[in-house]
Amino acid sequence: MILEKDNAATCARMAKMRLTPQEEALYEEQMKELFAWVEQLARVDTSTVEETAAARAAYLRPDTPVTDEALSNALVGQFSAEQDHCVKVKKVL
């Protein structure tokens, strides 16, 4: 992943968080370290590692979108409010 200067600010906006400039700098540095570690893991050759039963169990559900419009409308109809094409729910916290 390419890191840009405002990645922490962008993530904070998406999470509806307010960050101070000091927090942005801290989180940007932490994100750089995290992504560097992920890139390091991606370079590891795992072609000779045998797959375990636990790894196979993680892929039980096919990753395919649900395209049943009637089901979609029924599910969305269960919510009382909608905003920006998303259903609104009560605050959890």
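Is Glu24 buried, partly exposed or exposed? Glu24 counts as partly exposed because its relative accessibility is 25%, where buried means under 20% relative accessible area, exposed means over 50%, and partly exposed lies in between (1.4 Å probe, protein chains only). The structure that holds this residue is a predicted model, in which local features need pLDDT of at least 70 and side-chain atom pairs count only at pLDDT 80 or more, while totals for chains, interfaces and linings use all residues. Residues are numbered from 1 along each chain as its sequence is written, and side-chain values use heavy atoms, with hydrogens and water left out.

The protein has 4 helices and 2 strands, where helices (H or I, at least four residues) and strands (E, at least two) are DSSP runs numbered from the N terminus. Starting at the N terminus, the order of the elements is α-α-α-α-β-β. Confidence is expressed as pLDDT, the predictor's confidence in each residue on a scale from 0 to 100. The mean pLDDT of the protein is 82, and 89% of its residues reach 70 or more. Helix α2 has the highest confidence, at 90, whereas helix α3 (residues 53-57) has the lowest, at a mean of 71.

Of the 93 residues of the protein, 8% count as buried. The protein exposes about 9100 Å², of which carbon and sulfur atoms supply 58%; accessible areas come from the Shrake-Rupley method with a 1.4 Å probe, and for residues only the protein chains shown count as cover.

Helix α1 (residues 7-14) contains the buried residues Asn7, Ala8, Ala9 and Ala12. These buried residues of α1 pack against α2, a contact meaning heavy atoms within 4.5 Å. Glu24 has its place in helix α2. Leaving aside residues up to four places away in sequence, Glu24 touches Ala8, Ala9 and Leu19. Glu24 and Cys11 are 13 residues apart in sequence, with a C-alpha to C-alpha separation of 9.9 Å in space.

Between α1 and α2 runs a loop that includes Lys16. Lys16 has a positive phi of about 55° although it is not a glycine. Most residues other than glycine have a negative phi. Lys16 counts as exposed because its relative accessible area is 78%.

Further along, Trp37 is found in helix α2 (residues 21-42). Trp37 is classed as partly exposed because its relative accessible area is 49%. Together with Leu34, Val38, Leu41 and Val44, Trp37 forms a nonpolar patch on the surface, with about 470 Å² of accessible area for the group. Patches are made of residues with over 30% relative accessible area and no salt bridge, like charges being joined within 9 Å and nonpolar side chains (Val, Leu, Ile, Met, Phe, Trp, Tyr) within 5 Å. A salt bridge is a side-chain nitrogen of Lys or Arg within 4 Å of a carboxyl oxygen of Asp or Glu.

Strand β1 (residues 81-83) contains Glu82. Glu82 counts as exposed because its relative accessibility is 53%. With residues up to four places away in sequence not counted, Glu82 touches Val76, Val87 and Lys88.
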